[in-house]
Amino acid sequence: MVTLKIPVASEDVPQAPRAAPKLVAPEPEHCPGPESQQAGKMDACAGCPNQQICATAPKGPDPDIPLIQARMATVEHKILILSGKGGVGKSTFTSMLAYAFAQSPATQVGVCDIDICGPSIPRMMGVENESIHSSSSGWSPVYVADNLGVMSIQFMLPNQDDAIIWRGPKKNGLIKQFLKDVEWGDLDFLLIDTPPGTSDEHLSINSYLKGSGVDGAVVVTTPQEVSLLDVRKEIDFCRKAGIKVLGIVENMSGFVCPNCEGESQIFHATTGGGRALATEMGIPFLGTVPLDPRIGIACDYGESFFDAYPESPACEGLMNIIRGLRGQMGLPPSQDGVEEMDES
Ligand SMILES: Nc1ncnc2c1ncn2[C@@H]1O[C@H](COP(=O)(O)OP(=O)(O)OP(=O)(O)O)[C@@H](O)[C@H]1O
């Protein structure tokens, strides 16, 4: 059983009498729902973190939703990053997108890692050994740069290698806290990295953010049919859950040789499958990012590939994707500095 590290008080932030947010709502040993229902004691569900998704819980308004909405009111754009299958580069894409947006110092970017059982964002962004701090106004994200903050369960683990073996209610409780108790501040973009598939994390983030104005989801896939198959399910989930699909990104689409920068289509038969699927499903295709071994190395060393190789085909692909994404979100193309970089 992993006991999470309670965030320590930050010395440079003045402390107000308000108590620091409690880390995770306790998981009930035994759900008293059904019996309480029969006995007419519905208040037995009070405090249960699973209330919103539990079939037996009384369906009243969740008192935390207004608090989440108040926090999220200072976040201009919220984007979910989804994938049907694991390992297709969802976290890699999230971190590259965050670095790209944060190129412009005036753009404030947050990354919320809700891949509770497999958090990889902190490693990829070079902050895996950091801890979070709490102040009177909530938990402070870990800052990769002045305008780029990250929140992840990884920052709360006593040991890097501890496994998180949690059922849905505990995961939901922590996700709720990431939205409600983190001092995100004024953000232009909050990127939410999710685990693969359609599970508790996806249901809870969607229900907690309802009414907070989520722009939509970017779905990441690789060209292979096994990944594309799962993307169909992911898109079906988005449609059923009322999440706008901003577009599909095909990652590892072709291979770029780091020596000569020549491109080979190693998945010959399926390269372009992401675009074909997008057309078939009536969804925007945002673009491709090629397989480039330097991306893997940058992720392993927690460095920004975007900053290290701005002229690479992968960064060009990413910039195209950002242009498409901004278009889907109804934003002008030049605010994130990407256009300016192009011209220089
Ligand atoms: N375009 C790319 N070129 C080279 N390596 C890549 C590329 N995209 C991702 N990778 C590498 O693939 C591995 C898996 O990527 P990542 O962890 O981002 O996938 P994921 O979809 O988030 O996985 P999971 O959902 O299981 O956490 C990482 O080692 C990453 O560095």
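User: Where is the place of methionine 252?

Analyst: Methionine 252 sits in strand β10. Strands here are DSSP runs of E with at least two residues, helices are runs of H or I with at least four, and both are numbered from the N terminus. Before we go on: residue numbers start from 1 along each chain as its sequence is written. And this is a predicted model, where local features need pLDDT of at least 70, side-chain atom pairs count only at pLDDT 80 or more, and totals for chains, interfaces and linings use all residues.

User: Why is methionine 252 called buried?

Analyst: Buried means 20 or more other C-beta atoms within 10 Å of the residue's own; exposed means 12 or fewer, partly exposed is in between, and C-beta atoms are placed from the backbone. Methionine 252 has 24 other C-beta atoms within 10 Å, so it counts as buried.

User: What is the phi of methionine 252?

Analyst: It's near 55°, a positive value in a residue other than glycine. Most residues other than glycine have a negative phi.

User: How do you know whether leucine 174 is buried?

Analyst: Count again: leucine 174 has 23 other C-beta atoms within 10 Å, so it is buried. You'll find leucine 174 in helix α5, residues 168–180.

User: What makes a nonpolar core, and which residues have the most contacts inside the largest one?

Analyst: A nonpolar core is a set of buried Ala, Val, Leu, Ile, Met, Phe, Trp, Tyr and Cys residues joined through C-beta atoms within 7 Å. The largest has 85 residues, and Val218 and Leu318 have the most contacts inside it. Helix α3 (residues 90–102) gives the most to this core, with 8 residues.

User: Which residues come nearest to the ligand?

Analyst: Gly86, Gly89, Lys90, Ser91 and Thr92, out of 22 residues around the ligand. "Near" means that a residue's C-beta atom, placed from the backbone, lies within 6 Å of the molecule or strand in question. The largest share of this shell, 4 residues, comes from α9.

User: How confident is the predictor in the protein chain?

Analyst: pLDDT is its confidence in each residue, from 0 to 100. The chain averages 84, and 79% of the residues score at least 70. Over residues 339–344, though, the pLDDT is below 50. Where pLDDT is low, the predicted coordinates should not be read in detail.

How values were computed:
Contact = placed C-beta atoms within 7 Å.
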